[in-house]
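This report covers the pockets of one protein model and the ligand that goes with the model.

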Amino acid sequence: MTTTSARTCGEQFAVVRLPEFTGADREEVCGGVPDPYQIEGLVMAWRPKREHFGIRREGRLVAHAGLVTVPVSVAGRRTEAVGLGGVIVAPGLRGQGLARAVVTAAMDHARGMGPDAGLLFCWPELMPVYEALGWRELEEHVRVDQPDGPVTMPMRTMWTPLREGVGWPPGPVHLLSLPF
Ligand SMILES: CC(C)(COP(=O)(O)OP(=O)(O)OC[C@H]1O[C@@H](n2cnc3c(N)ncnc32)[C@H](O)[C@@H]1OP(=O)(O)O)[C@@H](O)C(=O)NCCC(=O)NCCS
């Protein structure tokens, strides 16, 4: 089912909902590139995403973004956020607006999921990508749950409002979940 489309660089990308995003799907997108998210060195446990969005070209899956609702404590107050993760575009097709299209479609969907804000983790060099898509850095150190207890997240954290007028409250942030 096509959920939405976005026009970038003069080209129309149809974004579809995917029932899942398996290891084989990831291989289809990134062609067997080892550690495409550059996270294997972290030795962290990750939470699977629940909702999946993709772009196909000539039948091949070439882009993906996933969402999952997660509990989070901000300054001691428990709330929820929509986590964005698993964002990936086929190596030969980067820089053409596919990430913009698939992330925009995912976040359009996220606005109907309930929480006021989206949350993601990324390496510093990818922050400009998400800034271009309306995300902002969350400068607080963020604790995230791991099987042996909470740890400080070594990646950068970014957030985006899912409703007009929403701000991220000040104070310590603890993701009450595995990161995504
Ligand atoms: C990060 C990634 C998803 C970007 O995909 P993409 O299709 O090349 O991105 P887009 O072409 O849609 O670009 C989106 C915006 O980010 C900007 N951008 C893209 N790559 C960038 C980079 N390396 N540095 C700075 N800005 C960048 C683009 O200019 C664009 O902004 P604009 O529309 O205002 O011009 C892709 O490089 C990738 O799959 N990387 C490997 C997996 C990964 O690290 N995923 C992220 C996990 S957090």
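How many nonpolar, polar and charged residues are in the lining of the largest pocket? The lining has 26 nonpolar, 10 polar and 8 charged residues. Ala, Val, Leu, Ile, Met, Phe, Trp, Tyr, Cys and Pro count as nonpolar, Asp, Glu, Lys and Arg as charged, and the others, Gly among them, as polar.

The model is predicted, with local features needing pLDDT of at least 70 and side-chain atom pairs pLDDT 80 or more, while totals for chains, interfaces and linings use all residues. Residues are numbered from 1 along each chain as its sequence is written, and side-chain values use heavy atoms, without hydrogens and water.

The largest pocket holds about 1,100 Å³ of space. Among its 44 lining residues, Pro 36, Tyr 37, Gly 86, Val 87 and Ile 88 are the closest to its centre. A pocket is an open set of points on a 1 Å grid over the protein atoms alone, where a 1.4 Å probe fits, with protein on both sides within 12 Å along at least five of seven lines; lining residues have an atom within 4 Å of a point. A volume is the space filled by probe spheres set on the points.

The ligand sits in the largest pocket (more than half of its atoms lie within 2 Å of the grid points). Its polar contacts (pairs of N or O atoms within 3.5 Å) include these:

| Protein atom | Ligand atom | Distance |
|---|---|---|
| Val 87, backbone N or O | nitrogen | 2.7 Å |
| Arg 94, polar side-chain | oxygen | 3.3 Å |
| Gly 95, polar backbone | oxygen | 2.7 Å |

Terms used. Polar contact = N/O pair within 3.5 Å; in protein donor to acceptor, adjacent residues only side chain to side chain.
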